[in-house]
Amino acid sequence: MQKALSKLYHIPFWLAYHYLWWVVAMGNPWKAAHSILFSPYAVKFVFYVVLQAVAVYFNLYYLIPKYLEKGRLRSYIGYLGITLLATALAIVSGYYVSAWLAHQSVEKLFGRDTNCFFYFFGEAMPSTLASTTLAMSIKLTKNWIRTERRKQLLEKEKLETELRFLKYQFNPHFLFNSINSIFFLIHKNPDVASSSLAKFSELLRHHLYECNDELVPLDKEIAYLHNFIALEKLRQNTGVAVITDITDKFPPGAGITPFILMTFIENAFKHVSKDNDRDNRIEIRLHAKTNMLEFEVSNSSSPLATRQAVHYGGIGLKNVQRRLDLIYPGRHDLAIRHHDGAFQVNLRMELTPLPPVPITQPALP
């Protein structure tokens with residue numbers, strides 16, 4: 001309903017558009033207004049306004065999305081031609097309805113000794129074609145402006161994100177705690193220490209070298225999450241249970257924007273409850289089906305931790321939500337809830353296929 005009301009401003013546009021056509025045809029704005037309001041020509045005017053508006057919106061909101069935007073050019077041209085023909089024929093019938101209501105012949109009312117073919121090819125069809133072309137031009141211009149604005153926002157967001165990750169990618173708290181944990185493990189359990197050091201190395205390598213592209217392979221991003229979770233479990237107290245259910249089957253060629261999932265997991269570890277009289281837990285689930293990714297992360301939370309997650313961690317959550325809106329518009333569904341001592345994030349998003357790797361030709365000897 002609200003969307004329909006937002007389009008009401010189109011009505012005066014179409015009335016003014018057709019009125020200008022009549023002014024040009026008659027050469028006098030007062031005569032054109034009088035003909036529209038106080039003569040049998042009003043019926044003809046209504047036919048032009050209503051039927052051409054119907055044809056325009058049928059083209060913009062049905063034919064273009066269903067056929068043109070999906071590359072079905074022949075079908076689009078065919079259905080558009082049928083729409084224009086049907087609209088022009090229906091408009092021609094308005095001439096005869098006007099004459100019938102005025103109890104006159106069409107020739108006498110409109111001052112021409114012609115037949116319906118003149119009204120069709122000389123007036124109705126050119127006018128319908130002009131209206132459709134004008135509406136498509138406006139729509140394409142708006143889409144171009146919206147796309148350019150989105151590109152600018154993405155570029156700005158990319159720069160801000162790069163600066164933010166450059167600033168925080170070597171978070172001293174995380175870095176020193178991880179090193180200290182590995183250091184103590186060296187004496188207690190060298191094998192686990194060696195494995196943790198390898199994970200730490202992979203984590204830093206991903207930060208430095210593998211996340212500079214707009215898209216990264218999904219399997220690499222998930223491997224990064226595994227390493228991060230393993231190191232966080234190493235740093236956490238034994239009072240926090242970490243449960244993971246992360247798929248090891250990935251759609252071939254699937255890509256994802258780097259660090260789009262990281263913020264939610266980092267937020268869970270940062271704000272998980274540390275109460276001694278309850279079960280403190282973090283649950284992380286991630287599954288990929290065909291071209292869809294389903295991600296869920298939840299953590300137990302005390303009232304203080306919840307407030308911190310909302311007010312302090314909320315900056316990161318708002319940032320990643322804005323990135324999702326810019327990079328995956330209409331292709332994701334994000335729900336963030338905090339209730340009953342738990343903080344939960346559910347994300348469902350459409351994966352983007354990775355661009356093909358260019359084949360380099362071997363150099364000639």
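1. Is Ser301 buried or exposed? Please bear in mind that this is a predicted model, but in it Ser301 counts as buried, because its relative accessibility is 3% and the cut-off for burial is under 20%. Ser301 is placed in the loop between β5 and α12 (303-311), and its C-alpha atom lies 8.9 Å from that of His339, a residue 38 positions away in sequence.

2. As for the overall make-up, the protein has 13 helices and eight strands, and of its 365 residues 37% are buried. Among the contacts between residues at least 6 apart in sequence, 70% join residues that are at least 24 apart. The exposed surface comes to about 22,400 Å², with carbon and sulfur atoms supplying 62% of that area.

3. The largest nonpolar core holds 44 residues, and the members that touch the most others in it are Ile256, Leu261, Phe264, Ile284, Leu293 and Phe295. Helix α10 (residues 218-235) is the element that gives the most to this core, contributing seven residues. As general background, nonpolar side chains tend to be buried together in soluble globular proteins.

4. Once residues up to four places away in sequence are set aside, Ile256 touches Glu214, Leu215, Val216, Leu218, Glu221, Leu261, Leu293, Tyr328 and Met349. Thr257 lies in the loop between β3 (254-256) and α11, and with a relative accessible area of 4% it is buried, since the cut-off is under 20%. Its contacts, again leaving aside neighbours within four places, are with Glu214, Leu215, Arg323, Ile327 and Tyr328.

5. How many of the ten residues of α11 are buried? Eight of them are, so this helix is largely enclosed by the rest of the structure.

6. Where in the fold is Asn291 found? It is in the loop between β4 (280-289) and β5, and it counts as partly exposed because its relative accessibility is 36%, a value to be read against the limits of 20% for buried and 50% for exposed. Leaving out residues up to four places away in sequence, Asn291 touches Met349, Glu350 and Leu351. The C-alpha atoms of Asn291 and Phe250 are separated by 9.5 Å, although the two residues are 41 apart along the chain.

Notes:
Residues numbered from 1 in each chain as written. Predicted model: local features only at pLDDT ≥ 70, side-chain atom pairs only at ≥ 80, totals over all residues. Heavy atoms only, no water. Core = buried A, V, L, I, M, F, W, Y, C linked by side-chain atoms within 4.5 Å. Buried < 20%, exposed > 50% of the residue type's maximum accessible area, 1.4 Å probe, protein only. Helix = DSSP H or I, 4+ residues; strand = E, 2+ residues; numbered from the N terminus. Contact = heavy atoms within 4.5 Å. Areas by Shrake-Rupley, 256 points an atom, 1.4 Å probe, with all protein chains shown as cover.
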